[in-house]
Amino acid sequence: MITEAKVRDTLAQVNDPAFEHDIMSWRIFKSCEVSGDDVLVKLEIPTHAYPDAAKRELHSRVETALKGAGAKRVTVMMEVVTAHLPAPSDKAVLKGPKNVIAVAAGKGGVGKSTVAVNLALALSRTGAKVGLLDADVFGPSIPTMLGPPERPPSAAENQRIVPAQHHGIKVISVGFFVDKDEAVVWRGPMVHRLLQQFLGDVDWGELDYLVCDLPPGTGDVQLSLSQLIPIAGAVMVTTPQEVSIVDVVKGIAMFEKVEIPILGIVENMSYYVCPACGHHDEIFSHGGGKRLAQEVGTKFMGEIPIDTRIRFGGDAGVPIVVSAPDSENARRFTDLAQKAALAVAANVLSKPKRSPRLAVIK
Ligand SMILES: Nc1ncnc2c1ncn2[C@@H]1O[C@H](COP(=O)(O)OP(=O)(O)OP(=O)(O)O)[C@@H](O)[C@H]1O
Ligand SMILES: [Mg+2]
């Protein structure tokens, strides 16, 4: 005879295949109903990016375990509920977005915005609700990279800002409000206030992920963000050569200081394959990102080669994840999005359910 207690005991021994962690302590198990020899199990999948193959495997592990424990018929229901930490307080600046993912680098021009845009779009293609905040207030490039919006930003009746919408994601950027050729000069406190507005006064609605494209380096924007909102994690972008790697190390050190978890490192512009002759050229050297990830003890999240379509997509406003979603390099971004979302979920599920602390900069 199977009982609810036996179901729970049995499932405490079952690991989910994406995290290889038991489904009880990581709160993937939600509830169960037992009627006679039949068992109904409800599971909460913590991210839309959870791979389909892992869902099938999880289903089969649960079913096998419960049948081994005496159940005759097992029904497994899965619902995606994006895992997130509770807000730091009721007065939290940011309401709506569940997880903020920062895309950062030490150096300029290594592809942060390209990665941020394609990462956000790839996350949205998993079915998640996604926003993109262009936190590069000094050199906003998101409006160019996303092209004309489906809906431009506007003022809501309640004095709040309705974000623009591009390719199904909500977007806000200083670039929507200043002239393209105007030089933007912001002092630290102004940057702080502007970010506070972009986070608090923008009607983001409910979002699973808010991706933040950061300016290069370790300056005011990074510090302000860490003080204003809890950041679920940072994806660090580097190119393979030493000058970029050295600066990423500084970026990682800064994030660690303000307790922002590093989700992993992605190496952009890893190599170039000539479309005419197939020659593989490592223009900026190769493997620096992977080496760095090993050295600092974080995940290597993959390589993205130099691809004319990636550059063109950025200039023309139709990123490769939208223009050629089945291409190999779009799939690299999809893969990156999956790894980032799983890393965020793992960070949340591995912690007890308590509110995160915000950085206090002394
Ligand atoms: N993998 C790639 N293949 C081809 N072009 C790329 C690739 N990654 C980025 N680019 C191009 O390189 C340029 C710089 O990229 P991007 O603007 O994303 O860098 P960034 O790190 O955000 O720069 P900044 O520090 O100025 O904000 C852009 O023209 C972009 O289209
Ligand atoms: Mg940029």
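In this report, Ala, Val, Leu, Ile, Met, Phe, Trp, Tyr, Cys and Pro count as nonpolar, Asp, Glu, Lys and Arg as charged, and the others, Gly among them, as polar. The structure described is a predicted model.

**The largest cavity**

By the rule applied here, there is one cavity of 30 Å³ or more. The largest cavity has a volume of about 40 Å³. Its lining consists of Thr114, Val117, Asn118, Met145, Ile310, Gly313, Gly314 and Pro319. By class, four of the residues lining the largest cavity are nonpolar, four are polar and none is charged. Helices α3 and α9 each contribute at least two residues to this lining.

**Ligand 1 and its shell**

Elements giving two or more residues to the shell around the ligand are α3 (112-125), β14 (262-273), β16 (300-306) and α9 (308-316). The shell around ligand 1 holds 18 residues, of which Gly109, Lys112, Ser113, Thr114 and Pro305 come nearest. Eight residues of the shell are nonpolar, six are polar and four are charged.

| Residue | Protein atom | Atom of ligand 1 | Distance |
|---|---|---|---|
| Gly109 | polar backbone atom | oxygen | 2.9 Å |
| Gly111 | polar backbone atom | oxygen | 2.9 Å |
| Asp307 | backbone N or O | nitrogen | 3.0 Å |

On its own, ligand 1 has 630 Å² of accessible area, and the protein covers 80% of this area.

**The second largest pocket**

Two or more lining residues come from each of α3, β14, β16 and α9. Helix α9 gives the largest share of the lining, five residues. The lining of the second largest pocket divides into nine nonpolar, nine polar and six charged residues.

Helices α3 and α9 supply residues to the lining of the largest cavity and to the lining of the second largest pocket.

Definitions and conventions
Residues numbered from 1 in each chain as written. Chains lettered and ligands numbered in written order. Predicted model: local features only at pLDDT ≥ 70, side-chain atom pairs only at ≥ 80, totals over all residues. Heavy atoms only, no water. Near = heavy atom within 4 Å. Polar contact = N/O pair within 3.5 Å; in protein donor to acceptor, adjacent residues only side chain to side chain. Areas by Shrake-Rupley, 256 points an atom, 1.4 Å probe, with all protein chains shown as cover. Helix = DSSP H or I, 4+ residues; strand = E, 2+ residues; numbered from the N terminus. 1 Å grid on protein atoms, 1.4 Å probe; cavity = no way out; pocket = protein on both sides within 12 Å on 5 of 7 lines; lining within 4 Å. Points joined across faces, edges and corners; volume = space filled by probe spheres on them.
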